[in-house]
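The following exercises are to be worked with the sequence and the coordinates at hand. Each task is followed by a solution in steps.

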Amino acid sequence: MDKLKKIFSQCRQENRAALIIFCSCGYPDMESSERAIETAIKAGADIIELGVPFSDPMADGSVIRKASEIAISKGTNLPKILDMAERLAIRFPETGFILFSYMNILYHYGLTKLCGKLKKIGLDGILAVDLPLEEKAELAQPCKENGLHLVALVSPATPLERARKIMADASGFVYSVNVCGVTGVRDLHPEEISQHLAVLKENSAVPIAAGFGINDGQAAQRLSRIADGVIVGSAFIKILSGAGDFSQRLEAARELITDLAKNVRRQP
Amino acid sequence: MNTHYGIYGGQYVAETLMPALAELEQAYLEAKQDPEFHKEYQTLLKNYVGRESPLYFAKRLSQALGGASIYLKREDLNHTGAHKINNTIGQALLAKRMGKTRLIAETGAGMHGVATATVAALLGMECEVFMGTLDVQRQSVNVERMKTLGAKVNPVNEGSATLKDAMNEALRDWTARFSDTFYLIGTVAGPYPYPMLVRDFQSVIGEEARRQCLDQTGRLPDQVIACVGGGSNAMGIFAGFFDDPEVQLVGVEAGGKGLDSGEHAASICGGKVGILHGCKTYLLQNADGQIIDTYSVSAGLDYPGVGPEHSFMADHGKAHYVTVNDDEAISAFDLLARYEGIIPALESAHALAFAIRIAKDYPATTTLLVNLSGRGDKDMDTVRKFKQL
């Protein structure tokens, strides 16, 4: 059984949603982000999205944009992130790892070369923010050849008929965006989102993970009732950019993840 | 519909925008079939923009150079001073038809922002323009023009704080508000259907120029020359000659301080294929695939990408792409002012400079048709500063 399948099936058995954490790699620097990821995993993250910074992150809100800008200014690039990913995948063989970026970064590295490399270092898949169903073939092919999942997105704006097509073609899990807009912490409308997630779940053979705007245990708790996975990014990065020295921020991040991990458990 | 030009183009956007692009495509294809839509568009082009724009034989300049005959397509005489208005009127009419009440746009030098603010006023729509903070400082007159026209200017202080960042911010705004908002893109880039939409609305330039050239010279031009930043004025004039393989199409990119200096904005001549702002095309990027800052004395050419159809035409030899550096463009700017009494936009001066470069290699029977895409009033300060250096 492939690793993502195993993770989601184990979560189902434990009656909880999978906790998926996005990390801006290279923020505030490569070494610190490796420590942050390690902290997230030890505090209960099931899957890590390794965010590769791009100069023009058109789908991101201010928190991740700022982190990307700083990461790039420190010389972060895809080869360095792949080196880190290789170390992490060896140290945490039970954890799922998804490479997360914009198409230009992946295309520039070479899609076939990249997929070969990801397989070799033991990553589980790729998510390209700006790669809708219509454009996915060029990346889906090398992913398939290397046993990697290409994670697809759906949004509240996606008509059901289109969502069905996306989900029928999906691999690993489907990333359901909670709101129309960019990434970031905000007020969510829980009822609408729950309803949307329920419809998606009825129509999908792969797990549905919900992301965008989740900033605390309460929000995670509500979504976990329906979603198979809960994705947290900006809230994690925001804490990493908070007050105090980096060890203090890591401690705060550990508390956040621990709280999230507790709250993805469904109440009986 | 085919959303690509060979390997280029496409719809590389977040899933949230896909329904918005589908809605736009459908509305445009319907409008295209509607004679009423065409009538309204043509009437505004005539009575509001002042079309058709003249084709003018630059006789004194041509004689002074002692070679080919240079003809100028006078888009600088349009209302608001450039070709941009052809596109903003078309898209704004489409927006109105779709029931949208708010127009957003990105702008670099401010010309597209002004043209968008103009049509928003004309059609009674709300308008917000995104503009990099660096450009807000450099182009303060255009910022005032937009405000006078009733638009809100949103300074974007991210990345390089220029056009590409303004476009990122406009896309983000659109992602969150497409139900009431129409994103009016100013060039033949962005996700499909924008490259097609903008080309179609700009193709009036080429249609007129072809007919005018036949009327005045009795034959087609030998070369059609236009500057290429994103490439909308070039695609507009090229479109008139797609069925004339004997006419050579030449796109002139901004060479800045020279291709070797690394300080330029020549995406086709000096870039690599990549994906930005929704399309696959030639881009200026570094060894890590990050988009790099561009440079040109002409703010309107200062964009790290280019319309995907240009990338396709370059690869397939359907058009030829060259560069002109800052200094050569400034010389062309001066020459046209002195010999013809026309002050061209620095963007257009790039196209003219290439015509001036090659004119002497041809006899007077050879016709070089240059798209004079805009007027140069906005550039007086830039030119003065350039000469002081």
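A residue is called buried under 20% relative accessible area, exposed over 50% and partly exposed in between, with a 1.4 Å probe and protein chains only. The model is predicted, so local features need pLDDT of at least 70 and side-chain atom pairs count only at pLDDT 80 or more, while totals for chains, interfaces and linings use all residues. Residues are numbered from 1 along each chain as its sequence is written, chains are lettered from A and ligands numbered from 1 in the order in which they are written, and side-chain values use heavy atoms, with hydrogens and water left out.

**Exercise 1. Backbone angles**

Determine whether F212(A) is buried or exposed, and describe its backbone.

Step 1. F212(A) has a relative accessible area of 11% and is therefore buried.
Step 2. Its phi is positive, at about 90°, although F212(A) is not a glycine.
Step 3. F212(A) belongs to the loop between β8 (208-211) and α10 (217-224) of chain A; helices (H or I, at least four residues) and strands (E, at least two) are DSSP runs, numbered from the N terminus.
Step 4. In chain B, T80(B) also is not a glycine and has a positive phi, of about 75°. T80(B) sits in the loop between β4 (69-74) and α4 (84-97) of chain B and is buried, with a relative accessible area of 10%.

**Exercise 2. Salt bridges**

Step 1. A salt bridge is a side-chain nitrogen of Lys or Arg within 4 Å of a carboxyl oxygen of Asp or Glu. By this rule there are 43 salt bridges over all chains.
Step 2. In the salt bridge between E15(B) and R162(A), the closest N and O atoms are 2.8 Å apart. E15(B) lies in the loop between β2 (8-12) and α1 (18-32) of chain B and R162(A) in helix α8 (residues 160-168) of chain A, so the pair joins two chains.
Step 3. Both E15(B) and R162(A) are buried.
Step 4. For R51(B) and E208(B), the closest N and O atoms of the salt bridge are 2.8 Å apart. This pair links distant parts of the chain, 157 residues apart: R51(B) is in the loop between α2 (35-49) and β3 (55-57) of chain B, and E208(B) in helix α10 (residues 204-217) of chain B. R51(B) and E208(B) are buried.
Step 5. A network of salt bridges links R65(A), E158(B), E169(B) and R172(B).

**Exercise 3. Chain B as a whole**

Step 1. With 389 residues, a compact globule would have a value near 21 Å; chain B has 19 Å, which agrees.
Step 2. Chain B contains 16 helices and 14 strands, and 66% of its 389 residues count as buried.

Definitions and conventions:
Rg over C-alpha atoms; globule rule 2.2 N^0.38 Å.
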